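This briefing covers selected features of one protein structure.

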Amino acid sequence: MVARALAVAACAAGALGLAACGGGSGGAKTTGADDTARTVHLYSSLPLQGPEREHAAAIVKGIRLALDEVGGQAGRTLIRYTALDDSSPAARGWDADVTARNARRVAADRAAIGYIGDFDSGASEVSAPILNRAGIVQVSPASTYVGLTRRAPGTRPGEPRAYFPTGTRTFLRIVPSDSVEAAALVVTMRRDRCRRAAVAYDAGQHPESLVALVVHQAAQRKLALTAPRRVTAAQAGSRRRLATALRAARADCLLYVGADADGAVKLYEAVDAVLPKARMYGDSTLCSSSVTSPKQGGLPVRIGRRYKCTSPTLPLDGYAGGAAFDSEYRAQFANEAADAYALRGYEAAQLFVETVARLGGEGADRGAVRSALFATRARISVLGSYSFDSVGDTTTTECGVYGAGANGSPRLLTVVDPG
């Protein structure tokens with residue numbers, strides 16, 4: 001079982017807690033005096049279709065692995081897990097209507113104790129208020145939009161209050177927010193000695209927010225920036241106008257924030273044509289082979305050498321329990337390699353498992369589980385040590401900086417902890 005490989009060192013160091021050392025998994029408030037008969041429900045809602053399906057499927061497998069290793073039991077509470085799909089073919093990924101339907105289903109389940117999701121920040125904006133009204137705590141493995149938890153540069157009026165209509169917080173995340181990535185981008189550009197950096201952004205879910213955070217961090221860390229410019233990377237004329245403006249501004253570095261990898265590649269090429277020595281940067285959305293690999297339509301090698309991107313996701317061996325987890329994951333899933341998303345799914349499930357087991361007779365009470373999760377401090381896990389702050393953000397602040405590897409795939413260059 002997964003727990004056994006992870007538990008030898010973990011139990012000796014107190015690392016993986018109750019689940020790895022023989023604890024269990026748990027759920028929501030039910031009737032019945034016999035603890036051995038109590039069954040609760042845990043859900044996930046993730047995009048199992050579309051471009052994010054592989055990451056979402058890995059999260060689901062990580063969750064199942066965590067529950068399998070304890071026999072689906074937290075103390076004397078049994079847990080039943082249901083994986084929901086929040087995507088649709090029409091939306092080509094997560095779908096707001098489907099997400100809302102999933103959240104309402106969970107909210108209507110009197111035995112529901114928790115919700116693992118969402119993958120997309122936009123989906124969390126939809127699900128959070130629905131779950132909040134029902135008092136169901138959610139743990140996101142991937143939603144990074146800062147407005148889900150706090151007011152910050154680039155957030156919208158009414159955030160994050162709009163996501164918690166009861167006035168009580170019910171959203172946590174085990175991934176660093178966009179504020180951490182923005183700081184990592186600025187730190188990286190400063191280390192690369194950018195003298196005058198330009199920022200461009202395209203349409204998308206939250207590009208303006210990340211850009212606003214970058215501008216804020218640049219001011220704090222004394223990085224000179226030109227005024228951020230909106231660009232439509234898919235349009236040749238828009239790319240040319242941006243390149244001309246950057247040459248006039250004498251920019252020596254360009255950070256582009258956008259979701260269109262093909263457009264990003266064309267934009268970097270247009271800028272390279274007039275600024276052949278400029279360094280290029282991208283956010284986590286552009287940390288993919290579709291940008292870094294020439295064979296997949298990505299950047300030519302000459303530009304790829306000057307390209308870096310940041311991501312709150314590290315390679316599996318960058319996490320405390322990554323190597324042992326990968327071994328057990330392969331054993332469970334026909335030698336399929338694990339990734340950081342599977343690891344986060346595993347940790348999210350373990351978090352519920354261990355919390356419910358520790359609460360004992362209160363482990364089926366939604367309010368007790370929510371309070372206990374928000375009180376998590378110095379937790380030692382497969383992700384390393386972390387706590388949740390008062391608004392539900394993880395205290396983890398590490399971000400990976402990637403470049404184009406020899407095989408074209410993104411390769412970790414260094415890990416930045418902007419603090």
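Strands, as named here, are DSSP runs of E with at least two residues, numbered from the N terminus. The model is a predicted one. Strand S15 (residues 384-386) gives the most to the lining of the second largest pocket, contributing 3 residues.

**Second largest pocket**
- The space in this pocket amounts to about 200 Å³.
- Its lining comprises 16 residues, of which Leu-314, Tyr-319, Leu-383, Thr-396 and Glu-398 are the closest to the pocket centre.

**Open sheet**
- An open sheet is formed by 7 strands with mixed pairing, in the order S10-S9-S11-S12-S13-S16-S17.
- Strand S10 (229-230) and strand S17 (410-416) are the edge strands, each pairing on one side only.
- Within the sheet, strand S11 (residues 253-257) and strand S12 (residues 279-282) run parallel and are joined by 4 bridges.
- Leu-255 has Tyr-281 in S12 as its bridge partner.

**Asp-86**
- The loop between strand S3 (77-85) and strand S4 (87-88) holds Asp-86.
- Asp-86 is buried but has no salt bridge, and Arg-101, the nearest side chain of opposite charge, is 10 Å away.
- Not counting residues up to four places away in sequence, the contacts of Asp-86 include Ser-45, Trp-94, Asn-102 and Asp-118.

**Helix H12**
- In helix H12 (residues 322-332), the buried residues are Gly-322, Phe-325, Asp-326, Glu-328 and Tyr-329.

Terms used: Residues numbered from 1 in each chain as written. Predicted model: local features only at pLDDT ≥ 70, side-chain atom pairs only at ≥ 80, totals over all residues. Heavy atoms only, no water. Buried < 20%, exposed > 50% of the residue type's maximum accessible area, 1.4 Å probe, protein only. Pairing = 2+ DSSP bridges. Lys, Arg positive; Asp, Glu negative; His and termini not counted. Salt bridge = Lys/Arg side-chain N within 4 Å of Asp/Glu carboxyl O. Contact = heavy atoms within 4.5 Å. 1 Å grid on protein atoms, 1.4 Å probe; cavity = no way out; pocket = protein on both sides within 12 Å on 5 of 7 lines; lining within 4 Å. Points joined across faces, edges and corners; volume = space filled by probe spheres on them.
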